[in-house]
Amino acid sequence: MNELNLFSIFISGMIINNIVLIWFIGLCSFLRVSVSLEASTGMGIAIIFVTTISSAVSWIVYNYLLKPYNLEFLKIIVFVLFIALFIQLVAMFIKKNIPGLLKSSGNYFTLITANCVMLAVAFLQAEYRFNFIQSLVFSLGISCGFALAVILFVSIRERLELAPVPKALKGYPLSFFIAALMSLAFMGFRGLFGL
Amino acid sequence: MQTMNTIINSVLILGGISLVLGCIIIIALRKYSFPTDPRQNKIQELLPGSNCGACSFNGCNEYAEAMVMIGAEPGLCCVIDDDTAKKIGGILGREAHLKEKQVACVLCQGENSELKYKYSGTEECLAASIVSGGFRSCENACLGFGDCASACSFSAISWQKGQIPEIIAEKCNACGKCLKVCPVNIIRLIPRSAGIYVKCNVQNKGLTIKKMCTVGCFTCGDCVKTCPEKAITIVNELAKIDYSKCTNCGICVDNCPSGVLLSN
């Protein structure tokens with residue numbers, strides 16, 4: 001994967017391999033948290049921050065701790081341990097220093113930060129054999145893609161609040177329709193270049 | 001030998017990692033532990049811990065925190081009795097505004113309501129209500145799948161399949177969870193002191209109701225005429241009792257031709 005430059009890694013992570021709309025990872029927080037545009041923008045920023053740093057942590061662990069001893073098969077449990085610890089620390093730090101942030105994001109903070117996107121990024125960058133900078137850019141791209149998907153999704157949902165929708169489709173059914181159509185649209189990017 | 005090495009290595013590395021991470025989290029907890037207000041712990045002990053959400057906070061702990069930190073009202077909890085609420089108010093140094101004790105009540109006797117079609121889908125009121133407005137011809141008829149019973153945190157609703165759920169008044173704390181899950185809006189909170197209910201919540205014109213259901217309020221107005229205290233009015237084609245005037249005399253119950261008014 002070393003022949004890809006950083007820009008194409010970023011674009012690939014963000015759009016071509018969009019984590020929600022192409023890989024269908026992180027759907028729980030995608031559907032659950034997207035209520036208002038403001039909240040989901042904040043959540044997107046939180047996701048970008050947490051995912052990028054946790055990916056850096058897992059890169060270091062994978063390449064300096066597991067690989068030298070041929071213990072790649074332990075990566076699931078080790079990644080989970082490290083990511084869980086990291087999120088605990090972030091949550092503690094925020095609770096102590098910026099107490100307003102946890103309140104404004106409601107109870108979603110742990111949900112949004114401890115979701116499967118992080119684990120997926122950790123696995124993918126291990127699988128693609130990225131170097132450190134590449135894996136940082138890749139996770140940045142993935143998390144930006146997640147934020148992009150959530151923000152687009154919420155904007156559509158906010159518009160549909162006012163539309164006359166059949167009673168049976170209100171709420172989650174309609175959300176799934178929107179997500180499916182967005183996913184179809186994003187599949188159009190697949191022809192750009194592969195990763 | 002190779003396998004042995006792998007086993008030893010993985011045990012060592014995993015053990016080492018968990019040890020180090022454990023130490024990190026202990027240090028972090030020491031350093032970043034949030035000093036909780038001692039009042040909050042005291043209040044938490046007084047709250048019921050049932051996390052019903054009637055106070056509009058997510059659980060009792062959050063309510064206790066809100067009372068201490070952002071000055072939420074002490075009297076919002078509907079589970080604790082008045083003395084406990086006053087105690088909490090005392091801890092906070094504020095007076096507790098007590099709510100009137102209420103109880104939930106199912107406003108339907110609708111086994112008699114006619115069926116529109118045979119429903120054989122998911123056994124949930126919500127699912128049944130989505131299929132063209134429920135399988136009973138009355139829009140406000142109990143569908144009898146017990147969504148309310150499964151939502152209740154106090155197991156105060158006894159229910160058997162296909163029957164109208166019964167609310168056990170001693171266990172009900174009027175948290176209002178069942179009100180929210182009922183898709184046909186037939187559960188209401190009424191004052192605990194109330195002796196007479198209007199067991200119907202339909203808001204159609206009289207004649208249409210007579211066709212659909214034998215125990216529906218078809219707005220004859222007999223109760224309004226006979227009530228000596230003038231406590232009953234017709235609102236939205238439905239008899240409504242003003243509980244501040246009602247003396248539980250029971251005259252309206254005797255005079256109701258459709259048996260919608262019931263005394264306790």
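Chain A has 9 helices and 0 strands, where helices (H or I, at least four residues) and strands (E, at least two) are DSSP runs numbered from the N terminus. Read from the N terminus, the order of elements in chain A is α-α-α-α-α-α-α-α-α.

A word on conventions, colleagues. This is a predicted model, in which local features need pLDDT of at least 70, side-chain atom pairs count only at pLDDT 80 or more, and totals for chains, interfaces and linings use all residues. Residues are numbered from 1 along each chain as its sequence is written, chains are lettered from A and ligands numbered from 1 in the order in which they are written, and side-chain values use heavy atoms, with hydrogens and water left out.

Let me continue with chain A. Of its 195 residues, 46% are buried; buried means under 20% relative accessible area, exposed over 50%, and partly exposed in between, with a 1.4 Å probe and protein chains only. Contact, for its part, means heavy atoms within 4.5 Å. Among the contacts of chain A between residues at least 6 apart in sequence, 80% join residues at least 24 apart.

A:Leu181 sits in helix α9, residues 172–187. A:Leu181 counts as exposed, at 58% relative accessibility. Its C-alpha atom is separated by 9.4 Å from that of A:Leu21, 160 residues apart along the chain. Most residues other than glycine have a negative phi. With a relative accessibility of 59%, A:Arg129 is exposed.

B:Thr219, not a glycine, has a positive phi of about 60°. B:Thr219 belongs to the loop between α8 (206–212) and α9 (222–226) of chain B. Its relative accessible area is 25%, so B:Thr219 is partly exposed.

Chain B also has strands. Strand β1 of chain B, residues 102–106, is largely enclosed by the rest of the structure, because 4 of its 5 residues are buried. It is joined by 5 bridges to strand β4 of chain B, residues 187–191, and the two run antiparallel; strands pair if DSSP finds at least two bridges between them. B:Cys105 has B:Arg188 as its bridge partner in β4(B).

I turn now to the interface. How many residues does each chain bring to the contact? Chain B gives 20 residues and chain A gives 22 residues. Between them the chains bury about 1,900 Å², 80% of it on carbon and sulfur atoms; buried area is the accessible area (1.4 Å probe) that two parts lose on being put together, summed over both. On the chain B side, B:Ile13, B:Leu21 and B:Tyr32 lose the most area to chain A, together 29% of what that side buries.

Which elements of chain B each supply at least two residues of the side that touches chain A? They are α1 (2–32), α3 (60–69) and α5 (125–130). The most comes from α1(B), with 13 residues.
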